[in-house]
Amino acid sequence: MSRQGDRVGIDELLDRVREGLDRVEPKQAFAEAAEGALLVDIRYAALRDQDGLIPGALVVERNELEWRLDPQGSHRAPQAVSHDLRVVVICNEGYASSLAAASLRDLGLHRATDLIGGFQAWKAAGFPVEA
């Protein structure tokens, strides 16, 4: 059972997990994808339908992320080939993706990170989006 002093709010938790991530801006994410990094879009369907998709990104609902990207898992995506895979997690604005990337790191995907500003930053920077 946790003591009150052990409790942490979401803002502090977010700060803590981000300390362990080498978060990337849209330009770097675009370049890394061209070099083989896996972009993973965890936005829910309504946002994808509304705003579009990043071409080539793997769409994985947040509640399935760890199962789909665990290279040892029986439900892994074909792209989840190694714990050394560079994964850039993308949510809508860059908050949930930080927590998701930290969870992937806990699974041993030591190169997992997230996109600063999320999909909205990608789109605002003028990188490709498809309907």
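Helices α1 and α5 are oblique to each other, because their angle is about 55° and angles under 35 degrees count as roughly parallel, over 145 as roughly antiparallel, 65 to 115 as roughly perpendicular and the rest as oblique. Helix α1 covers residues 10-19 and helix α5 residues 96-106, with axes 9 Å apart; axes are lines fitted to C-alpha atoms over the stretch in contact, and angles run from 0 to 180 degrees between N-to-C directions. Helices here are DSSP runs (H or I, at least four residues), numbered from the N terminus. I10, L13, L14, V17 and R18 in α1 are in contact with S98, L99 and A102 in α5, contact meaning heavy atoms within 4.5 Å.

The model is predicted: local features need pLDDT of at least 70, side-chain atom pairs count only at pLDDT 80 or more, and totals for chains, interfaces and linings use all residues. Residues are numbered from 1 along each chain as its sequence is written, and side-chain values use heavy atoms, leaving out hydrogens and water.

Turning to the rings, there are three aromatic pairs, counted for Phe, Tyr and Trp (its six-membered ring) when centres lie within 6.5 Å; planes under 30 degrees apart are stacked, over 60 edge-to-face and the rest tilted. F30 and W122 are tilted because their planes stand at 50°, with centres 6.0 Å apart. This pair ties together parts 92 residues apart in sequence, because F30 lies in helix α2 (residues 26-34) and W122 in helix α6 (residues 118-124). F30, W122 and F127 form one aromatic cluster.

Notes
Helix = DSSP H or I, 4+ residues; strand = E, 2+ residues; numbered from the N terminus.
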